[in-house]
Amino acid sequence: MNTSNLDSLYRPKSIAVVGASNTPGKIGFTVVDNLIKSGFEGKIFPINPKDAEVQGLKAYASVLAVPEEIDAAVIVVPASMAEQVTEDCGKKGVKALIVIASGFSEVGNRELEDRVVAIAKRYNMRILGPNIVGTLSNSDKMNASFAPFLPFAGKAALISQSGALLIAIDASTYIRGIGFDKLISIGNMSDVDFADTIAWLDNDDSTSCVTLYIEGFKDGRKFMEVARKAHKPIIALKSGVSAHGAAAAASHTGSLAGAAKVYGAAFQQCGVVQAADLDNLFDRTLALSLQPQMRGDNLLIITNGGGVGVLATDAAEHCGLPLKFAPAEVQAELKKHMPEFGSAKNPVDLTGMAGRDWYTDSLRYAIAHPWVDGIAVLYCETSLTDPVDIAHGIKQALDEAGIKDKPVTVSFVGGEKSLEATRWLINNGIPCYGAPDLAVNALSALREYDRMRAALAEPETPAPAADRSRAMEIIKLARMDGRDALTEVEAKQVFLAYGLPVTSTHLAKSEDEAVELAKKIGFPIVMKIVSPDILHKSDAGGVKVNLKDEAGVREAYRTIITNAKAYKADANIHGIAIQEMAPWGTEVILGSVNDATFGPTMMFGLGGIFVEVLKDVTFRVAPVSAGEASRMLGEIRGAPILAGARGEKPRDRKALADIICRYSAMILDLADEIGESDANPVLVYEDGKGAKVVDARIILKKK
Ligand code: ACO
């Protein structure tokens, strides 16, 4: 991560506009106009070779003619001139370029982009873009963009990979009443990227939360490193997660969009809250920019309507914050602020008769109670009460309670008056939404953030002991053999070098050797064909199980070889694997891919039909810590099976988590070698009895 010169980029004291124009409608006109209209207090230097003055400001033929220092230059001349103006800016000592011009890598012109970056690097100049709208900052009164105006003021900072979306968001902040201090268009990320910008924003006093619209990272691990260290909430919407969407994103930005599951896993591992869609991004941003994280699961709902209370209760369960009844003492106190027919359980139903006092008194008491971790206050507009008055009551209660470390969100459902109250609450730092589920979802974002931060504070899991050179020896031999797939016997040896509990497996090259090995391992045994040309061993009749004696082994040896030859006459047969026959247990699958954005990434799920039909799997970027491994076990839909469903004893989840950690260490350590791998099935036994990797596959990276 590189934050050098980002002060000059994001908080410049002087700006040159290269391509400034007097012709309305041109971007070079709009940028100068926007800088003036936004009240930029630094110097503005229009650069135009023909005009001595642009929009009332003295203009210069080149940045080199400007007699003062220039922090940042906005580039609004066509891409064909980019090299020349970058060179001039470098010579002038400009510290950062905001390259609005399009026509670079996003349309396949990577060479030009690389050349411009190389020039900038020579002068230690940073580049934002190219192919961007520009950058806007309320606290700096700076609209260095062609977006129409500064956004509705607030404390969030948006970094958007789509320029058009940024412009649309800019205007919509006023409709939604969600405040941003900065809007940053990041474009092609030829130099400055998400990670650099987040690192800078983390030290920016005007930013309380960072909001991301992402199409694709170039370096996922760099992002994760910065996000992990960030002190402010980060919330992300990743687009291009469907197969079709991914293709659209790639052609739009010139960067490849990664798979949804891998991004999701990475976000979770580095403490980034995810948004499901654009509305959700705004709603969650509002909460994260205004409220503290929610430090426990005890959510209290206070409402004047049963209907919205039930909707909020449903939403709470959906968001992973199922409601619990409030303790008796809390109920007893709350009962004092409602009519006889109200309910103090949870949701706390003050009834339609609730006026300002009941809301204020209940909220003031509840927020201060140690059992309560967060509150959603719901209000349905009635003719008995004035929404704005209720809003004032909510604020009054929170001010009087003085509790700053618990979040409160609000939902007002109603008409114009409710809208007015909503705006008033937001302006006073209390997130307010038009529907009860939104208020609950916002709280769940604050809870997710807290959970992820707590996970990040867990002690690191030390890398397990491993025999890397043994693993490399096996891989080297396979490569020398011209193969990019290891045989099962080889793959298990690699697994073994990383301490994975594989079934004892040895290669027999003759019938006699098979018998000898079977006796050594102990009956019953399993026999499998070993041939790089036969990947689907069972289909080829290449697997025999439960062989109990020498005669069985001899017969199986002959049958397997005959079957294999019949399946593929020219198959290169290494021999037959003689394996310990593991007792049956719960089948799970582990696997890995070498993701283009995040590198070695692993998958876990229940095996068999669960993985094939239900795709009940979860991912993490390697390495996987002990804490993350046990969270993986808990987050698949089939988790109750591992926990011991229907009277079954719980499975050995500790052993399984350890296997996940070791597996992830292996794929990370051998990242240059392993392309894909899987352990399928892994059989998990009851608590204390461990697990066994029964089959293993490793596909090497092509070199
Ligand atoms: N130095 C300074 N100014 C110069 C130079 C120079 N060396 N050479 C020419 N100029 C002046 C031109 O004379 C002109 O000024 P004028 O109006 O007084 O004649 C001005 O610079 C602009 O040059 P033009 O050739 O007129 O370029 P134009 O304004 O048509 O387009 C632009 C330039 C906007 C950079 C265009 O090439 C472009 O890339 N547009 C796309 C921008 C964009 O969409 N960015 C991505 C946003 S993301 C999204 O999806 C919304």
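Because the model is predicted, local features were considered only at pLDDT of at least 70 and side-chain atom pairs only at pLDDT 80 or more, whereas totals for chains, interfaces and linings use all residues. Residues are numbered from 1 along each chain as its sequence is written, and side-chain values rest on heavy atoms, with hydrogens and water left out.

The ligand is surrounded by 24 residues, of which S21, K26, N48, K50 and S102 are the closest; a residue was counted as near when one of its heavy atoms lies within 4 Å of the molecule or strand in question. By class, this shell comprises 15 nonpolar, 7 polar and 2 charged residues, where Ala, Val, Leu, Ile, Met, Phe, Trp, Tyr, Cys and Pro count as nonpolar, Asp, Glu, Lys and Arg as charged, and the others, Gly among them, as polar. Polar contacts were taken as pairs of N or O atoms within 3.5 Å; within protein, one atom must be able to donate a hydrogen and the other to accept it, and residues adjacent in sequence count only if both atoms are side-chain atoms. An oxygen atom of the ligand lies 2.6 Å from a polar side-chain atom of S21, and a nitrogen atom of the ligand lies 3.5 Å from a backbone N or O atom of I47. A polar backbone atom of S102 is 2.8 Å from an oxygen atom of the ligand. Of the 1,000 Å² of accessible area that the ligand has on its own, the protein covers 72%, as calculated by the Shrake-Rupley method with a 1.4 Å probe, with only the protein chains shown counting as cover for residues.

Helices (H or I, at least four residues) and strands (E, at least two) are DSSP runs, numbered from the N terminus. Helix α6 (residues 194-201) is largely enclosed by the rest of the structure, because 8 of its 8 residues are buried, the term denoting under 20% relative accessible area, with exposed meaning over 50% and partly exposed lying in between (1.4 Å probe, protein chains only). At the start of α6, the backbone nitrogen of A195 is within 3.2 Å of a side-chain oxygen of D193.

The structure holds 55 salt bridges, each defined by a side-chain nitrogen of Lys or Arg within 4 Å of a carboxyl oxygen of Asp or Glu. In the salt bridge between R451 and D297, the closest N and O atoms are 3.1 Å apart. This pair links distant parts of the chain, with R451 in helix α16 (residues 436-456) and D297 in the loop between α10 (278-290) and β15 (299-303), 154 residues apart. R451 is partly exposed at 34% relative accessibility, and D297 is partly exposed at 31%. A salt bridge also joins R558 to E511, with the closest N and O atoms 2.8 Å apart. E511, D512, K519, E550, R554 and R558 are linked in a network of salt bridges. The side chains of R620 and E628 form a salt bridge at 2.6 Å, N to O, and both R620 and E628 are buried.

With a disulfide defined as a pair of cysteine sulfur atoms within 2.5 Å, the count comes to 0. The sulfur of C270 is too far for a bond, because the closest cysteine sulfur, in C209, is 15 Å away; C270 is buried, with a relative accessible area of 0%. The sulfur of C432 is likewise too far for a bond, at 12 Å from the closest cysteine sulfur, in C380, and C432 is buried at 4% relative accessibility.
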